[in-house]
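Here's a quick briefing to read with the model open beside you. Have a look at the chain, then work through the notes below.

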Amino acid sequence: IYNYYCNESRWDEAKTYCSKRGETLLDFTDSEDLQYVKNLNASLPRIWIGLKKNKSDLNENVGNVEELFKIKLCEITNDDGPVSDRNAYNLLPSVCVKSLQDQCDVHWQKHGRQCFLPVYDRMSCFGALAHCKRLNGMLNAGNFAKALIFNASQNIGTPFFWTGKLKEIHIDPHAMWTWGDGSLFGEWNERKIIITDVGCNGCGFMKNGTIYLTSKCSQRISYLCEKDRKDHITSSFLNHRQLSWRFAKRNCSLLQLSKNVKDVTDVLPSGDTIIQENMPYWLGIHKNNTCKTHIVEDLANVTSKPTRCLYVENSYGNGRWESCDEKNHFICVKPEVICGSGWLVFNESCYRIEQSHELSWNDARRTCNEFGDYLLKIDDLSEQTIIINEIKRHYSSKYWIGFRHEKVKPLWQWIVDNTTAGFTNWIRGEPNASGKDKCVLILKSLMSHSVTWNAANCSRKFGFICERTDA
């Protein structure tokens, strides 16, 4: 998804502007990126992109190819201290910190001899770092008071914040790709192969006769199965049900291509479902656990600033270096969310409203989890509105969501992350658990068509709403 911004900015301002919106400055990863720039109005001559250097001259020596096989992680924390690592490009809140002078600035909170500012806008780890530095602070290392982060988490519905401790996952570039039977994939020169991205784990699919190797194995596509394998002759069949690679593998033995098989159509029975053009299908090729992690540096101590940045002239698509303090237009990009047929898309999430099967709350939860989803969590009014508008188009009036009350733990919590609600839409008289286990459903009034939340016995059977995010 491309977003062009005409407000002229320095390179670092453009980078921060994109980061605050969960985007990155445009980098040229394929021909579509270049074509987008060429299609812009030719009267917009210079546009910042996401390439920089820290020295006055480019190093003409060939770089270390190992750098291509690294993934950046950042440490996250909750009110109990650091808990795990996340991809540095995920979007999370953060806390800025700076030394106390006479008093803390507006909106900053005093604790000891320091001032803290919870940043509720969700940014990448690098975006959070840039934001804190712009406010003359630094990204906090996770050593702030438990009460501060607890109170902050109640306002935004997530307990996790960036700490700024940067780590790297080193991916083994020589990792062996294998088929389901354990045999190595070695036909790199005999087949057309495209590696779309790199990761610790990976899987493969075929599209238009080409094998694609990817780390994004949670995407839902159809898959190819093999019934039996004798003397390298395979009887196969196609399943159009769209699943992640892991769940597809659970359903059947995914197809392994023999060396003498050039295309999957060669192993499908005559009269079987025709392979559709431009449609991907999972194969049995995969790799597992090829990474090693180590701490690189604490981002809070990073002081380097780029001195030369690259811009492009869209009329020709050529790039030139100049001072990063010059002001140009810029383009931000973020991955497009692909949900599949029958799903509703909003922001970074996909939603599936299930009305054909009425289940108890626990069965509805298990059904969502089976496919890597979870019962709906509503974070704010905008998300509630998009769900309400979709529900009004369906005939059912009651749908389970992932909010509940347990008598052993007298709190109303979202089950996906055990957080309390920052936004609610209760019907009059609710919430009322009366010391019992209660689960929450979205209730559509057939008379007024209003949509509210209601608590009910968890064993009752209603429709339900599953949610999935790519984060």
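Predicted model: local features only at pLDDT ≥ 70, side-chain atom pairs only at ≥ 80, totals over all residues.

Helices (H or I, at least four residues) and strands (E, at least two) are DSSP runs here, numbered from the N terminus. Residues are numbered from 1 along each chain as its sequence is written, and side-chain values use heavy atoms, with hydrogens and water left out.

**Confidence**

- pLDDT is the predictor's confidence in each residue, on a scale from 0 to 100; the protein chain averages 77, and 75% of the residues score at least 70.
- Among the elements, strand 17 (residues 291–298) has the lowest mean pLDDT, at 59, while strand 23 (residues 374–375) has the highest, at 92.
- Residues 55–66 fall below 50 in pLDDT, and beyond near neighbours in sequence this stretch has six contacts in the model (contact means heavy atoms within 4.5 Å).
- Residues 300–304 are also below 50, with seven contacts beyond near neighbours in sequence.

**Helix 1**

- Helix 1 covers residues 11–20, and its buried residues include Trp-11, Ala-14, Thr-16, Cys-18 and Ser-19. Buried means under 20% relative accessible area, exposed over 50%, and partly exposed in between, using a 1.4 Å probe and protein chains only.
- As a reminder, an α-helix has 3.6 residues a turn, so residues three or four places apart point the same way.

**The 7-8-6-9 sheet**

- Four strands make an open sheet in the order 7-8-6-9, with antiparallel pairing. Two strands pair if DSSP finds at least two bridges between them.
- Its edges are strand 7 (109–111) and strand 9 (138–139), each of which pairs on one side only.
- Inside that order, strand 6 (residues 92–99) and strand 8 (residues 114–123) pair in the antiparallel sense over seven bridges.

**Disulfides**

- How many disulfides are there, taking a pair of cysteine sulfur atoms within 2.5 Å as the rule? The count comes to seven.
- Cys-96 and Cys-132 form one of them, with their sulfur atoms 2.0 Å apart. Cys-96 sits in strand 6 and Cys-132 in helix 3 (residues 125–134), so the pair ties together parts that are 36 residues apart in sequence.
- The S-S torsion of Cys-96 and Cys-132 is about -85°, so this disulfide is left-handed. Both Cys-96 and Cys-132 are buried.
- Another disulfide joins Cys-104 to Cys-115, S to S 2.0 Å. Cys-104 is in the loop between strand 6 and strand 7, and Cys-115 is in strand 8, eleven residues apart.
- With a torsion of about -90° about the S-S bond, the disulfide of Cys-104 and Cys-115 is left-handed. Cys-104 counts as buried at 18% relative accessibility, and Cys-115 is buried with a relative accessible area of 2%.
- Cys-225 and Cys-252 make a disulfide too, their sulfur atoms 1.9 Å apart. Cys-225 belongs to strand 14 (residues 221–230) and Cys-252 to the loop between helix 5 (245–251) and strand 16 (281–287), so the pair ties together parts 27 residues apart in sequence.
- For Cys-225 and Cys-252 the S-S torsion is about -75°, so that disulfide is left-handed. Cys-225 and Cys-252 are both buried.

**Strand 12 and its partners**

- Five of the six residues of strand 12 (residues 202–207) are buried, so the strand is largely enclosed by the rest of the structure.
- Strand 12 runs antiparallel to strand 16, joined by four bridges. Strand 12 is also antiparallel to strand 13 (residues 210–214), through five bridges.
- Cys-203 has His-286 of strand 16 as a bridge partner, and Cys-203 stands opposite Thr-214 in strand 13.
- Strands 12 and 13 form a hairpin with two residues between them, and Asn-208 in the turn has a positive phi of about 55°.

**Around Glu-358**

- Glu-358 lies in strand 22 (residues 349–359). At 47% relative accessibility, Glu-358 counts as partly exposed.
- Which residues does Glu-358 contact, leaving aside neighbours within four places in sequence? They are Lys-461, Phe-462 and Gly-463.
- Glu-358 and Trp-400 are 42 residues apart in sequence and 9.4 Å apart in space, C-alpha to C-alpha.

Conventions
Disulfide = S-S within 2.5 Å.
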